Every structure is written in C-alpha cells, then in structure tokens.
Amino acid sequence: SVRWKMPTMRPETGKTDAPASNDEMSIRLWSDGHSFPELPKGPLTVELLGRKTVLVPADLFRAGLAESFLAWSGLACDASERAVWSDERAGRVAVMAVAEQAFGRLPEKVRFSSPLLRMSEQPQSLVLELHEDLLYIKLLRGSELTLAEAVRAAGEADVLYYVGELARIASLKGLTLRLSGSEAAGLRTVLKSQFKRIVCE
C-alpha cells in the first residue's frame, strides 16, 4: 500500500500563513496507507514530487501522448498510475506519473505542477533542489536548457555523486550553482569547493 502525505499548504507567496483561494501544496508518496489533510475550497494547484517527471516543449505536447512521453524517457506508468500534466510555463509542460489512489480526495478540476517548472532558468547555471530523497536538477549551458530531471538522492553523498557525474560528462566550469529548497544551506556547504559562485534562492 502507499500513503500520500500533503505537507503544509502554502499560498503563492511561499509563506505558511492562512491558505489563499489559489493555494499550492505538495504531495509526497510514502508507504503504509494514505491520508490527506482538509483541502481548501476553490482552485487548487498540486505540486507533485515524484521520480517520474519529464518536461516537454509546449509546442510538441499533446494530451493523448502524455503517457508516451514518460515511456519514451524510460519512466513509463505502471498499472496503478496515470499520467497527468501541468499548465504551460516558460514554453514547457511537465508530464508526471501519479498513483490512481491519489485522486480519491482531490477536486475534479485540480491543476498539477512540478518543481522543475518553478526552478530558476538563469543562463550558465546548474540548479539543484532537494526534497528529502528526491533531487531536481536543471542544467543550462548558455541560455539553453540541456538537462531537467528528478533522481533519487538519499543524502548529500548522493548529491555529490550526481554533481560528479555531471562534471564528468559536461563541464561545469564557469557555471553558477543555484540552490533552492529547505536543504539549500547544507548543499552549499558540501559543494562550495566545486563552484566559484553559489546562489541560494
């Protein structure tokens, strides 16, 4: 069985005060059953944190191909999952796999989003955001997005491994490291020797 946990609902401002009518909340897949907090009324954008996430150019995206985009990336939905997608942002659509049982308490017209859509896209940057054991990565060479994915990362050692692998296949020299999320300060400490410029966002 699986358990879906929704942490604190936060308004667009990112503050944790009373939820607004267009709240954002995160959903996280765990084990041992499932539970939801009381959901707000009105439009709801749900940010999905999951390994099976791909960004698709908006001009190529078709709803009927959503599951195919995941499969082509080696992230095919299994029998208990369905593909969902975000609104377009910056010319891209996030396509994600989500467990069917997650829909039991969600409003019918819920919108979906992904950390990959809101992470910085500054030129010449490596952007990292760590959510417990999920690391979101964006790599921009010049102004071109050359990598965007979510990978399993059990801790700082795994983050160091992925950064090392990136450095092996694509030079990170001259890139600004941009860190976001609750683990940004810790990542800055372990990666400071590898980057001349680090920005916590």
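In this predicted model, K138 pairs up with E121 in a salt bridge, with the closest N and O atoms 2.7 Å apart. The two partners come from distant parts of the chain, 17 residues apart: K138 sits in strand β9 (residues 134–141), while E121 belongs to the loop between α2 (115–118) and β8 (125–131). K138 is buried, its relative accessible area being 0%, whereas E121 is partly exposed at 29%.

K52 counts as partly exposed at 21% relative accessibility. E81 comes out at 17%, and it counts as buried because the cut-off for that label is under 20%.

Strand β5 also supplies R82, which lies 18 residues from its partner E100, a residue of the loop between β6 (92–99) and β7 (111–113), so this pair too ties parts of the chain together. The side chains of R82 and E100 meet at 2.9 Å, N to O, in a salt bridge. Both ends are partly exposed: R82 has a relative accessible area of 31%, and E100 stands at 37%.

Finally, there is a network to look at. Salt bridges link E47, R118 and E129 together in it.

Note on methods:
Residues numbered from 1 in each chain as written. Predicted model: local features only at pLDDT ≥ 70, side-chain atom pairs only at ≥ 80, totals over all residues. Heavy atoms only, no water. Buried < 20%, exposed > 50% of the residue type's maximum accessible area, 1.4 Å probe, protein only. Salt bridge = Lys/Arg side-chain N within 4 Å of Asp/Glu carboxyl O. Helix = DSSP H or I, 4+ residues; strand = E, 2+ residues; numbered from the N terminus.
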